[in-house]
Amino acid sequence: MSQKRIENVDRRRFLRLTGLTASGLVLGAALPNTLPLWAQSSAAHQELNLFVGINPDDTVSIVCHRSEMGQGIRTGLPQVVADEMEADWAKVKVIQGLGDKRYGSQNTDGSRSIRRFYDTMRNMGASARSMLESAAAQQWQVPASECAASNHTVVHTPSGRRLRFGELAERAAQQPVPDQSTLRLKSSDQFNYIGKSVKNYDTPDMVMGKARYGQDVQLDDMLIASIERSPVLGGKIAKLDDSAARKVKGVVAIERLEVATEPPVFNPLSGVAVVARNTWSALKGREKLAIQWSESPHQQHNSTSYLDTLRTRVQKPGKRVTGRGDLDATLQNADKVHKANYSVPYLAHATMEPPSATAVVNGDGCEVWSCVQDPQSVQQHVANALKIKPEQVRVNVSLLGGGFGRKSKPDFVIEAALLAKKLGKPVKVVWSREDDIRHDFYHAISAAHFEAAMDKQGNVSGWLQRTAFPSISGTFSAGVEHPSSGELDLGFTDLPYNIEHYRTETAPAEYHTRIGWLRSVCNIQNAFGVCSFADELAHAAGKAPDAFLMQLIGPDRLVDPSEGEYKYGNYGEPLEKFPLDTARLKNVLQRAAKKARLTPRSAQADNSGEAWGIAVHRSFLSYVAVASKVRVTGKKFEVLEMHCCADVGLAVNPDRVVSQMEGSMIFALSLALMGEITMQDGAVSNSNFDSYPLLRINQSPNITVDIVESTAAPAGVGEPGVPPVAPSIANAIFAASGQRIRDLPINKHLTLA
């Protein structure tokens with residue numbers, strides 16, 4: 001994404017957007033917007049949208065237009081600006097941006113906040129620094145070349161005179177904005193904060209209980225709503241008896257929400273809202289509801305039988321996606337053909353903070369407060385529901401108690417807005433844990449089939465992979481049965497192996513529930529299948545897994561996965577800037593293997609029942625290898641150690657990168673070991689953490705993270721740590737016990753000790 005311009009902007013706009021005073025220098029940058037799947041074409045705007053302000057009191061206000069959900073973006077982006085400005089981090093105040101299309105894309109997903117805005121933030125900071133230096137030169141009547149910003153002051157080098165940023169703010173605002181083509185950026189050896197582990201900006205408020213999450217919002221005269229929703233997608237209210245609910249003390253209204261349509265998009269499900277003066281009354285009133293739901297086209301959906309259907313479909317020739325060479329002949333003439341099938345169940349996001357939103361609707365429009373990843377999506381969809389303009393929806397973004405993709409869908413905010421409009425009062429919609437588990441936008445259930453042609457020496461000459469899973473596109477368009485290229489590019493079409501004959505195919509899969517993106521998205525099932533199947537081939541060839549992977553990846557080169565008419569998307573970035581570099585892939589593989597002391601001998605089962613497994617995967621433009629050590633005793637197993645090596649390009653804040661990798665591995669462990677949403681008669685069978693458990697502290701292995709020092713462009717961080725975890729554990733279990741896990745979660749086959 002290229003920057004268009006940086007300008008000294010109208011302070012009233014800054015005040016309006018941030019709610020703060022800024023009487024000194026105020027800068028804005030223009031970024032081209034990007035259009036998410038749900039957006040209307042009219043949403044494409046290019047206006048000034050990112051701001052940094054310098055006040056006479058020396059404080060520097062920096063707007064963070066992305067959502068903070070634990071990843072540290074409210075530290076990472078501002079620290080880049082502060083570094084180029086030569087600002088004192090202790091005097092920086094981070095302002096959460098309201099939802100506004102002038103900020104460019106605010107959709108905080110896809111591990112792209114740093115990689116998309118790193119350059120712009122640097123330019124913004126460097127522009128401010130240059131204007132401060134010019135202001136000082138003007139005040140001292142000296143050449144600007146004799147002035148240099150340093151630690152929140154500008155110094156006249158020959159005389160040693162100093163002026164604070166605050167003293168220069170007003171004059172700096174009168175300076176022309178420097179030409180971006182001539183902007184002087186700092187060299188890496190001059191960085192104060194970039195590449196350094198700056199402490200998380202929000203941590204003090206978090207540990208002191210001052211941080212505000214979506215659930216913390218309180219407004220005067222606010223009502224609380226708890227909603228009973230249709231258990232099956234497409235179900236409507238056929239019959240309702242709310243007489244008992246209305247008798248519960250504190251209940252003030254029972255409202256029907258009948259807005260569900262198909263495709264589901266981000267619309268709320270049909271439901272009955274119990275609105276009360278407090279949460280307890282709302283919950284007790286909800287328990288008294290007697291609702292009969294209508295039949296739904298998805299009434300017969302059963303996840304177990306549906307997965308069997310997908311497994312059957314991937315056995316048959318499918319729809320070709322990419323390919324090269326003559327795979328059919330290669331498989332037919334091979335010394336050995338190895339085949340395997342893999343499957344992954346529905347998965348839920350299960351954020352620690354369930355969805356919550358508060359709304360007020362009046363004659364001017366709607367104002368909401370919520371823990372959302374994409375406030376512009378909230379504006380668009382709330383406006384559609386209320387039949388007003390998006391700019392009439394003011395969105396205040398709180399901290400998120402986890403997001404993982406769930407809170408980029410604003411169905412719960414629409415619920416609050418509709419109820420607030422009906423009742424004429426502020427309404428907070430509170431989702432319970434059970435609501436969250438039963439009414440998620442789930443990670444797709446999937447099946448995959450693999451075939452490989454091998455010679456007598458274990459060399460692989462042919463590779464076939466076929467996948468079937470309900471596409472996220474089905475959430476937005478009716479009749480979708482095959483995944484989009486955007487989903488297939490997540491670890492399916494971008495196979496980095498050096499194999500002459502190769503083909504990828506898809507099989508049809510219709511949706512029966514709301515499907516959405518979950519941290520690392522399709523890389524979850526694709527990496528599990530690909531990395532596990534590669535390990536199968538290593539053992540079939542009688543070679544150590546890491547050595548076999550090095551051979552399979554082949555010589556150092558840049559891979560372009562585009563084949564024929566198929567154009568590889570590369571996470572929306574140019575391959576020239578973010579190449580698929582096998583040398584970097586092999587480097588993290590070797591470093592993880594070395595850390596884990598993975599040798600041909602240790603990769604085989606011994607009497608201890610302990611063994612290592614390894615997997616390596618590129619996702620969101622980063623390279624991550626994970627080596628896991630497990631112990632298998634009879635039908636019980638435990639994960640003992642995990643080593644991660646990650647090459648994410650330049651690590652802007654290494655401490656946050658390490659935290660993201662640790663968090664990713666814990667997240668992925670939960671999914672791999674015990675994550676499974678089951679559906680019977682169209683409804684989710686799980687309800688809370690007793691039936692959808694997450695990893696507990698005592699179940700966590702020792703984890704170490706090795707970050708590769710790099711000068712490459714910053715790549716994704718939040719999600720790339722997830723994909724290699726499941727295959728590394730499954731591979732370790734095979735090495736320890738000889739049991740191959742091809743179907744997740746692992747606790748369906750072994751008991752977690």
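Residues are numbered from 1 along each chain as its sequence is written, and side-chain values use heavy atoms, without hydrogens or water. Because the model is predicted, local features need pLDDT of at least 70 and side-chain atom pairs count only at pLDDT 80 or more, while totals for chains, interfaces and linings use all residues.

Side chains of opposite charge can pair when their charged atoms come close. The structure holds 44 salt bridges (a side-chain nitrogen of Lys or Arg within 4 Å of a carboxyl oxygen of Asp or Glu). One of them joins lysine 186 to aspartate 83, with the closest N and O atoms 2.6 Å apart. Lysine 186 sits in the loop between α4 (165-172) and α5, and aspartate 83 in helix α2 (residues 73-85), so this bridge ties together parts 103 residues apart in sequence. Helices (H or I, at least four residues) and strands (E, at least two) are DSSP runs, numbered from the N terminus. Lysine 186 is buried at 9% relative accessibility, and aspartate 83 is buried at 0%. Here buried means under 20% relative accessible area, exposed over 50%, and partly exposed in between (1.4 Å probe, protein chains only).

A salt bridge also connects glutamate 228 and arginine 286 (2.8 Å, N to O). Glutamate 228 belongs to strand β9 and arginine 286 to helix α7 (residues 279-287), so parts 58 residues apart in sequence are tied together. Glutamate 228 is partly exposed, at 28%, whereas arginine 286 is buried, at 13%. Both residues belong to a network of salt bridges that also includes Arg229, Glu415 and Asp435. Aspartate 647 and arginine 584 form another bridge, with closest N and O atoms 2.8 Å apart. This pair links strand β27 (residues 636-647) to helix α16 (residues 582-595), across 63 residues. Aspartate 647 is buried at 3%, and arginine 584 is buried at 17%.

The whole structure contains 15 aromatic pairs. Rings of Phe, Tyr and Trp (its six-membered ring) pair if their centres lie within 6.5 Å; planes under 30 degrees apart count as stacked, over 60 as edge-to-face and the rest as tilted. Phenylalanine 266 and phenylalanine 441 have ring centres 6.1 Å apart and planes at 75°, so they are edge-to-face. They lie 175 residues apart, in the loop between β11 (251-257) and β12 (271-276) and in the loop between α12 (433-438) and β20 (446-454) respectively. Phenylalanine 476 and tryptophan 517 are stacked instead, at 6.1 Å centre to centre and 15° between the planes. Phenylalanine 476 is buried at 14%, as is tryptophan 517 at 16%. An aromatic cluster is formed by Tyr342, Phe450, Trp463, Tyr497, Phe528 and Phe533.

Serine 728 lies in helix α18 (residues 725-737). Serine 728 is buried, at 0% relative accessibility. A polar atom of its side chain lies 2.8 Å from the backbone oxygen of valine 725. Beyond neighbours within four places in sequence, serine 728 is in contact (heavy atoms within 4.5 Å) with Gly613, Ile614, Ala615, Val626 and Ser628.

Lysine 422, in helix α11 (residues 411-423), is partly exposed at 46%. Residues up to four places away aside, lysine 422 touches Glu255 and Arg256. A polar atom of the lysine 422 side chain lies 2.7 Å from the backbone oxygen of arginine 256.

Technical notes:
A polar contact is a pair of N or O atoms within 3.5 Å; within protein, one must be able to donate a hydrogen and the other to accept it, and residues adjacent in sequence count only if both atoms are side-chain atoms.
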